[in-house]
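This report is meant for someone meeting the structure for the first time.

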Amino acid sequence: MNDPLVARMRGFGTTIFAEMSALAARTGSINLGQGFPDTDGPAAMLERAVSAIREGANQYPPGPGVPELRRAVSEHRKDHYGLDYDPDGEILVTVGATEAIAATVLALCEPGDEVIVFEPYYDSYAASVALAGAVLRPVTLRPDQGRFTFDPAELRAAVGPRTRLVLVNSPHNPTGTVFTRAELEEIAALCREHDLTAVTDEVYEHLTFDGVEHIPPATLPGMRERTVMISSAGKTFSVTGWKTGWICGPADLVRAVQTVKQFLTFTAAAPWQLAAAHALRHELGWVASLRADLESKRDRLTAGLSAAGFEVYRPAGTYFVQTDIRPLGFTDGLALTRELPSLAGVVAIPTQVFYARPERGSHFVRFAFCKKDEVIDEAVSRLTRLGGAGGGGGFDPGDADRAS
């Protein structure tokens, strides 16, 4: 029987996150792969969700989102970034940032239009572009002085007559880079010059470290009117399972995205929206504590990975540490991460799956540090087993048995 899946999606299959989380469950390994915390968000926010259910917020909320959350998002944008968004027309609540990205790309791209992304990229970007029948134009981030960045000349070379969008993720998953003002100015200048729309995935906006500032591209000159700004409660408040996100932008762009979104999920769950509104107004102190805690966990994991022999790139934001596996004698991250449960009892994510050209990232592996300290410590202890397990071009199949 022929594959019933449409041709444009046949290259995707099961996400790497599902594969690796299933591998962790099957082998009893420590999961430093998928980026979800192992502790809950603020108690009062959780109680607000429970009370919303008990109070009867269990039917369809308005399509654009519960007014209380849209107002809270508007206040937050104004207070933190000086950006004015009308809660009635310039803010749309979505089922997480993943839906926001998909609905935006589907709404704004015709078949054959081109979307610039920075690789490595979150895997839903390529899938959303494929669903729209559009074309991905990757610009590669490469290590430079301990952080990942792009070559402005390569960015400019990626623009063509069919370029429609630039998809910007900062703080950046999976590299942990937070784009500097100078880097964002390069992107903004390109958008203004070529009349491009910026789609900005800012779900880690509050999770930056060492005093590094997150700068929303919409705050730069000439960018508010051409930017769809995407955020989420999941990462900010440690409730990734709630799948509650939102977009902010000019009314015409938001209207376009809502036109598509209404036929994807119609609307997002009401109780989580009411709890997210509470959190935006009352729990940012908790978020500040979370940020400090994550910074400590980042330092804990990066020190341990370095001691275990990895080359480590210290992230300025997100949940993730990017590592180079070549010092340990490995060159294929996908092969390594599939064997890592046998070699060390740990699961991680191979970064190469986030590239249009996987060979450019084959030697990188991503680890998540949004875990309890004792989990990080045990994972690091296990990863020290990798010393001597590598072998130049890849695995000796017997390594798994010897390291078990």
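## Aromatic pairs

Rings of Phe, Tyr and Trp (its six-membered ring) are counted as a pair if their centres lie within 6.5 Å, and planes under 30 degrees apart count as stacked, over 60 as edge-to-face and the rest as tilted. On that basis, a search of the whole structure gives 16 aromatic pairs. In one of them, the ring centres of Tyr-60 and Phe-266 are 5.4 Å apart and the planes stand at 85°, so this pair is edge-to-face. Tyr-60 belongs to the loop between α2 (43-54) and α3 (67-81), and Phe-266 to the loop between α9 (251-261) and α10 (270-282), so the pair ties together parts that are 206 residues apart in sequence. Helices (H or I, at least four residues) and strands (E, at least two) are DSSP runs, numbered from the N terminus. Tyr-60 is exposed, with a relative accessible area of 72%, whereas Phe-266 is partly exposed at 38%; buried means under 20% relative accessible area, exposed over 50%, and partly exposed in between (1.4 Å probe, protein chains only).

Tyr-204 and Tyr-319 form another pair, and because their ring centres are 5.5 Å apart with the planes at 75°, the pair is edge-to-face. It links distant parts of the chain, with Tyr-204 in the loop between β8 (197-201) and β9 (227-232) and Tyr-319 in the loop between β11 (311-313) and β12 (320-324), 115 residues apart. Tyr-204 is buried at 3% relative accessibility, and Tyr-319 is buried with a relative accessible area of 1%. Elsewhere, one aromatic cluster is made up of Phe-17, Tyr-122, Tyr-125 and Phe-354.

## Basis of the model

The model is predicted: local features need pLDDT of at least 70, side-chain atom pairs count only at pLDDT 80 or more, and totals for chains, interfaces and linings use all residues. Residues are numbered from 1 along each chain as its sequence is written, and side-chain values use heavy atoms, with hydrogens and water left out.

## Charges over rings

A charge sits over a ring if NZ of Lys or CZ of Arg is within 6 Å of the ring centre and within 35 degrees of the ring normal. Arg-366 lies over the face of Phe-320, at 3.5 Å from the ring centre, and the charged end of Lys-371 is placed over the ring of Phe-36, 3.9 Å from its centre.

## Cysteines

The structure holds zero disulfides, a disulfide being a pair of cysteine sulfur atoms within 2.5 Å. For Cys-109, the nearest cysteine sulfur is that of Cys-191, 13 Å away, and Cys-109 is buried with a relative accessible area of 6%. For Cys-248, the nearest cysteine sulfur is also that of Cys-191, 18 Å away, and Cys-248 is buried at 0%.

## Backbone details

The bond from Glu-119 to Pro-120 is cis, with omega near 5°, and Pro-120 lies in the loop between β3 (114-119) and α5. The bond from Asn-173 to Pro-174 is cis as well, with omega near 20°, and Pro-174 lies in the loop between β7 (163-169) and α7 (181-194).

Gln-145, a residue other than glycine, has a positive phi near 55°; its place is in the loop between β5 (142-144) and β6 (147-149), and at 80% relative accessibility Gln-145 counts as exposed.
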